[in-house]
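Welcome! Please take a moment to look over the sequence and the 3D picture, and then read on for a guided tour.

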Amino acid sequence: MGVGSANLDQLTLLPQWKLSHYDVVVGVLSACNNHELRNVIRSMWLKHSLQHPALSQRVLVKFVIGARGCQVPVEDREDPYSCRLLNITNLVLNQEIEAFSLSEDTSSGLSEDRVVSVSFRVLYPIIITSLGVFYDASDGGFQRNITIKLCQADQDEVLFVARFSPPSCGVQVNKLWYKPVEQFILPESFEGTIVWESQDLQGLVSRNLHRVAVNDGGGVLRVLTAFLKKEQSPI
């Protein structure tokens, strides 16, 4: 009697180990229709782990399989590991876009937040040309010390840094101040975080995040999260 792929996976999911202690438990995420890929794992490092006299007693490996597969083809997804449809509508090419903009009537005020960060994902290759910071200089010019960093997500590596200070405040466009950065391409599926950090004792000048307009260039990037982090002032 032949055993279909679905039945084989069901057998694999059944508890077939004795009650014992494992030092490491490995869960392998897999789509329900990726039977061939699971067989490759079974025939390679998983087979070695099961046959190894020490590893077989210390390491438990199980497949974690979804109830149903993703209906979006891999080539049409934002990334290979999600089921989100890549939605690029009116792609903006060969011109600069201002990713964040502020309306004139948006209220501002000095906050207690010394660090603000925004995470984003690149859906189509882009080049970051400059980093900017909001500051209303109507009271006598730029009077703050602020550092902006662009980091790769989940890594300590800083890709770009822009430092703003009274003697070096960059170029003002409305109430935003910009400084150019070294230009190189951020590839598709790149995930990064932009961090604004006040180097002064007081917090950043903030605006209502719900009133900030995001220009995604027709779908070339997507803002994931925005965080406000309160820090103690240095003594």
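## Before we start

This is a predicted model, in which local features need pLDDT of at least 70 and side-chain atom pairs count only at pLDDT 80 or more, while totals for chains, interfaces and linings use all residues. Residues are numbered from 1 along each chain as its sequence is written, and side-chain values use heavy atoms, with hydrogens and water left out.

## The whole chain

The chain has four helices and 16 strands. Here helices (H or I, at least four residues) and strands (E, at least two) are DSSP runs, numbered from the N terminus.

Of the 235 residues, 32% count as buried. Buried means under 20% relative accessible area, exposed means over 50%, and partly exposed is in between (1.4 Å probe, protein chains only). The chain exposes about 15500 Å², and carbon and sulfur atoms supply 54% of that area; accessible areas come from the Shrake-Rupley method with a 1.4 Å probe, and for residues only the protein chains shown count as cover. Now for contacts, meaning heavy atoms within 4.5 Å: among those between residues at least 6 apart in sequence, 77% join residues at least 24 apart.

## Strand E8 and its partners

Let's visit strand E8 (146-152). Five of its seven residues are buried, so E8 is largely enclosed by the rest of the structure.

Two strands pair if DSSP finds at least two bridges between them. E8 pairs with strand E9 (residues 158-164) in the antiparallel sense, over six bridges; Ile-146 has Phe-164 in E9 as its bridge partner. The two strands form a hairpin with five residues between them, and Asp-154 in the turn has a positive phi of about 65°. E8 also runs antiparallel to E13, joined by seven bridges, and there Lys-149 has Val-195 as its bridge partner.

## Aromatic rings

How many aromatic pairs are there? The rings of Phe, Tyr and Trp (its six-membered ring) pair if their centres lie within 6.5 Å; planes under 30 degrees apart count as stacked, over 60 as edge-to-face and the rest as tilted. By this rule the count is five aromatic pairs. In one of them, the ring centres of Phe-120 and Phe-190 are 6.2 Å apart and the planes are at 45°, so this pair is tilted. Phe-120 is in strand E5 (residues 113-122), while Phe-190 is in the loop between strands E12 and E13, 70 residues apart. Both Phe-120 and Phe-190 are buried.

Another pair, Phe-142 and Trp-177, is edge-to-face, with 5.2 Å from centre to centre and 65° between the planes. Phe-142 is in the loop between E7 and E8, and Trp-177 is in strand E11 (residues 176-180). Phe-142 and Trp-177 are both buried, and together with Tyr-135 and Phe-164 they form one aromatic cluster. Lys-179 lies over the face of Phe-164, at 5.6 Å from the ring centre; a charge sits over a ring if NZ of Lys or CZ of Arg is within 6 Å of the ring centre and within 35 degrees of the ring normal.

## Cysteines and a buried arginine

A disulfide is a covalent bond between the sulfur atoms of two cysteines. With a cut-off of 2.5 Å between the cysteine sulfur atoms, the structure holds zero disulfides. Cys-32 counts as partly exposed, at 31% relative accessibility, whereas Cys-151 is buried at 13%.

Finally, Arg-38 is in helix H2 (residues 35-43). Is Arg-38 buried or exposed? Arg-38 is buried, because its relative accessible area is 1%.
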